[in-house]
Amino acid sequence: MSALALILTIVVAVPPLTDAQRTRLDTAVDDSARLDEAALYPLIENALSWSDHDEAGATVPDYEALLTDPAFSRGEVCLIEGKFAGRARRYDLVRHGPWGDALTEWVLVVHDEPEQVAVVYFVDPNDELIPPRTGAHVRVPARFYKVWADRDQDGQPTRYLTFVARSASQTPEDAPLSVFLFLPMVGGLLALAVVYLYVRRLSRPRIHDPSHGRHPAGSADDVMLSGADAEQARDPLPDDPAEALRRLAEQHREP
């Protein structure tokens with residue numbers, strides 16, 4: 001690895017846990033109903049120093065392995081990818097600090113059959129994190145915290161994998177596109193189509209009615225075009241509306 005690459009890796013990588021933070025994190029108690037404990041705060045402190053959407057060093061975790069042996073992977077930087085379950089709330093903390101007085105909780109479905117979820121707690125001091133729509137695919141770099149024992153929506157005891165993060169990103173294919181973004185374009189196309197049809201109608205050759213002329217029946221003069229109409233008939237307007245308008249403007253300037 002070149003010196004420049006090494007420097008870039010150091011700059012963009014997620015800051016490592018200090019020895020003191022690691023020592024406090026190791027006191028985490030798995031399968032406990034208590035989430036807010038001393039081991040949570042070193043992860044919060046570390047997340048404060050993260051850059052937004054920094055995925056350097058994050059790897060997709062083996063969720064079953066985390067459930068089986070959480071202590072082995074505690075504190076590792078994981079890349080959580082899943083569907084937003086539609087649950088976002090503020091989780092009040094006992095200790096206040098630069099991280100504020102609460103974390104923002106998201107639940108992500110990381111596996112469908114059987115369903116497996118990850119509970120992510122974002123360090124969001126000002127409550128500025130905007131949740132995506134339900135079912136949207138998101139990516140979250142986060143450190144693994146612990147296995148939390150709680151109850152699901154049906155009241156059944158459930159073991160949840162919990163993580164601490166700083167930011168999330170929504171995958172491009174699921175990024176919301178407002179229909180209002182297309183309204184100006186659609187309106188412009190409709191207006192151009194109306195103008196085009198109107199121009200085509202005006203440029204259509206006018207055929208003189210023989211009954212209003214003095215030419216004898218069967219004469220070639222029964223169907224007579226004016227000079228301008230004859231010229232337009234010989235040189236029909238192009239199908240492109242913008243080009244048709246330009247052609248008419250040139251003809252209008254001609255003597």
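Me: What pLDDT does the protein average?
Reply: This is a predicted model. Of the residues, 64% score at least 70. The average pLDDT over the protein is 79.

Me: Over which residues does pLDDT stay under 50, with two contacts beyond four places in sequence?
Reply: Residues 174-183 also stay under 50, but there the model has four such contacts beyond four places in sequence. The stretch with two is residues 1-11.

Me: Is Ser-73 buried or exposed?
Reply: Ser-73 sits in helix H5, which covers residues 70-73. Beyond its neighbours within four places in sequence, Ser-73 touches Leu-66 and Phe-144. Its relative accessible area is 11%, and the cut-off for buried is under 20%. Therefore Ser-73 is buried.

Me: Which element gives the most to the largest nonpolar core?
Reply: That core has 24 residues, and Leu-40, Ile-44, Leu-93 and Tyr-145 have the most contacts inside it. At least two residues each come from helix H3 and from strands E1, E2, E3, E4 and E5. With five residues, the top contributor is H3.

Me: How many residues are in the other core, the one with Cys-78?
Reply: This core lies apart from the largest one. Among its members are Cys-78, Ile-80, Ala-142 and Ala-165. Its count of residues is 21.

Conventions. Residues numbered from 1 in each chain as written. Predicted model: local features only at pLDDT ≥ 70, side-chain atom pairs only at ≥ 80, totals over all residues. Heavy atoms only, no water. Helix = DSSP H or I, 4+ residues; strand = E, 2+ residues; numbered from the N terminus. Buried < 20%, exposed > 50% of the residue type's maximum accessible area, 1.4 Å probe, protein only. Contact = heavy atoms within 4.5 Å. Core = buried A, V, L, I, M, F, W, Y, C linked by side-chain atoms within 4.5 Å. pLDDT = per-residue confidence, 0-100.
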